[in-house]
Amino acid sequence: MHNESLIQENMLVTLRSRFFTLQVTSLLQAPQSISPKNPLLSLSHKLQMFETPKFNLHYCNHASFATKGSKPGPVSETKKFIEKVLFVPPGVGPEEVTDDLILPGSNIVLGPYAGDAKIKEVEFVKSSNRPKDCPKDDRPEFAMLGRSNVGKSSLINALVRKKEVALTSKKPGKTQLINHFLVNRSWYIVDLPGYGFANAPEAARMDWSAFTKGYFLNRETLVSVLLLVDASVPPQKIDLDCANWLGRNNIPMTLVFTKCDKIKGGKAKRPDENIRDFQQLIRENYKRHPPWIMTSSMTGLGRDELLLHLSQLRNYWNNE
Ligand code: GDP
């Protein structure tokens, strides 16, 4: 077995046994407090990435988790706060959330549906010109979307560990295609055309919009859109418009921040600052914050975590 897959398997085993322990211990005793030695980003740090935290770690440890079933008050507010800021998947109660269950560099809590994350085989299936030409076999799919140059091809190639998988035409005005890749013969990665070509004629941009929106609104097997956002630059209007449109139309979305390794120096903001700014700008269009994750195709940051996230969404979808 390759090193990376071993790491992924180990991570899953650890998180699963942690989850199991947590379930059992929460029945018997007050849940464990968050360890200061935890190698993962602390919960309080994660919360700070969204907004000025109203609640500190002490508050989360001692007020919320230890008093399940007690009178309403500040406790339920912490619970609400966790539900609003973190992505808590089905099968996990907000009172069960601890640092160990949050995937590093994200707001995503790992739950019991995670598993079979590893990609063993990928097969290009077809390019479709219209949403109604897409495969009709009921397998779950994830659509990858983002501005041209956001790093989509690099991320797809990193996820599937191949050099040249993404085929979408990068040139404005060229035929726009929805590309389906079948993974492990059981689910699809869908490569959508990049948007926001700076010098594309207005008509080409409008085409993109009608074309892709039709797909999002009508595709029943779409589990989640993965909206790729370049974290090395400040929030861009076109990305914000896209995230807001998805939010307003209740289309499930995961924000995948790319190029998180890229630090420009000088007065430019760091990727984590750009990410925080982006979240703040879209917040009002979402009742609950969508799942988000930091990635880098250069360093491999977030790759295994993103695959685990996709596995839990997919497995839940399959079991629904
Ligand atoms: P696409 O147009 O969205 O498919 O973008 P590409 O995958 O072709 O990447 C566009 C440019 O960004 C290329 O020069 C890549 O080398 C670069 N790039 C992509 N991902 C990363 C990343 O994670 N970190 C850095 N520093 N550069 C990246």
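Trainee: Let's start with the largest pocket. What volume does it have?

Mentor: The volume of the largest pocket comes to about 730 Å³. Keep in mind that we are looking at a predicted model.

Trainee: How many residues line that largest pocket, and which lie nearest its centre?

Mentor: The lining has 29 residues, and those nearest the centre of the largest pocket are F87, P252, R288, P290 and P291. By type, the lining splits into 18 nonpolar, 7 polar and 4 charged residues.

Trainee: Which helices and strands each supply at least two residues of the lining?

Mentor: Those are β5 (222–230), α7 (237–248), β6 (253–258) and α9. The largest share, 4 residues, comes from α9.

Trainee: Tell me about α9, then. Where is it, and what span should it have?

Mentor: Helix α9 covers residues 303–319, which makes 17 residues.

Trainee: Which residues of α7 are buried?

Mentor: The buried ones in α7 are D239, L240, C242, A243, N244, W245, L246 and G247. Just after this helix, N250 has a positive phi of about 55°.

Trainee: Switching to aromatics. How many aromatic pairs are there in the whole structure?

Mentor: The search finds 7 aromatic pairs. One of them joins F142 and W187 in an edge-to-face arrangement, with 5.7 Å centre to centre and 90° between the planes.

Trainee: Where do F142 and W187 lie?

Mentor: F142 is in strand β2 (residues 141–146) and W187 is in strand β4 (residues 187–191), so their pair ties together parts that are 45 residues apart in sequence. F142 counts as buried at 1% relative accessibility, and W187 counts as buried at 1% too.

Trainee: What kind of pair do F216 and W245 form?

Mentor: F216 and W245 make a tilted pair, with 6.1 Å centre to centre and 45° between the planes. F216 belongs to helix α6 (residues 202–218) and W245 to helix α7, so this pair links parts 29 residues apart in sequence.

Trainee: Are F216 and W245 buried or exposed?

Mentor: F216 is buried, with a relative accessible area of 6%. W245 counts as buried at 15%.

Trainee: Cysteines next. How many disulfides are there?

Mentor: The count comes to 0 disulfides. As for individual cysteines, C242 is buried with a relative accessible area of 11%, and C260 counts as buried at 11% relative accessibility.

Trainee: One last thing, where is A268?

Mentor: A268 sits in the loop between β6 and α8 (271–282). At 38% relative accessibility, A268 counts as partly exposed.

Trainee: And what separates the C-alpha atoms of A268 and P234?

Mentor: They are separated by 8.6 Å, although A268 and P234 are 34 residues apart along the chain.

Terms used: Residues are numbered from 1 along each chain as its sequence is written. This is a predicted model: local features need pLDDT of at least 70, side-chain atom pairs count only at pLDDT 80 or more; totals for chains, interfaces and linings use all residues. Side-chain values use heavy atoms; hydrogens and water are left out. The expected span of a helix is 1.5 Å times one less than its number of residues. On a 1 Å grid over the protein atoms alone, a cavity is a set of points where a 1.4 Å probe fits but cannot get out, and a pocket is an open set with protein on both sides within 12 Å along at least five of seven lines; lining residues have an atom within 4 Å of a point. Grid points are joined across faces, edges and corners, and a volume is the space filled by probe spheres set on the points. Ala, Val, Leu, Ile, Met, Phe, Trp, Tyr, Cys and Pro count as nonpolar, Asp, Glu, Lys and Arg as charged, and the others, Gly among them, as polar. Rings of Phe, Tyr and Trp (its six-membered ring) pair if their centres lie within 6.5 Å; planes under 30 degrees apart count as stacked, over 60 as edge-to-face and the rest as tilted. Buried means under 20% relative accessible area, exposed over 50%, partly exposed in between (1.4 Å probe, protein chains only). A disulfide is a pair of cysteine sulfur atoms within 2.5 Å.
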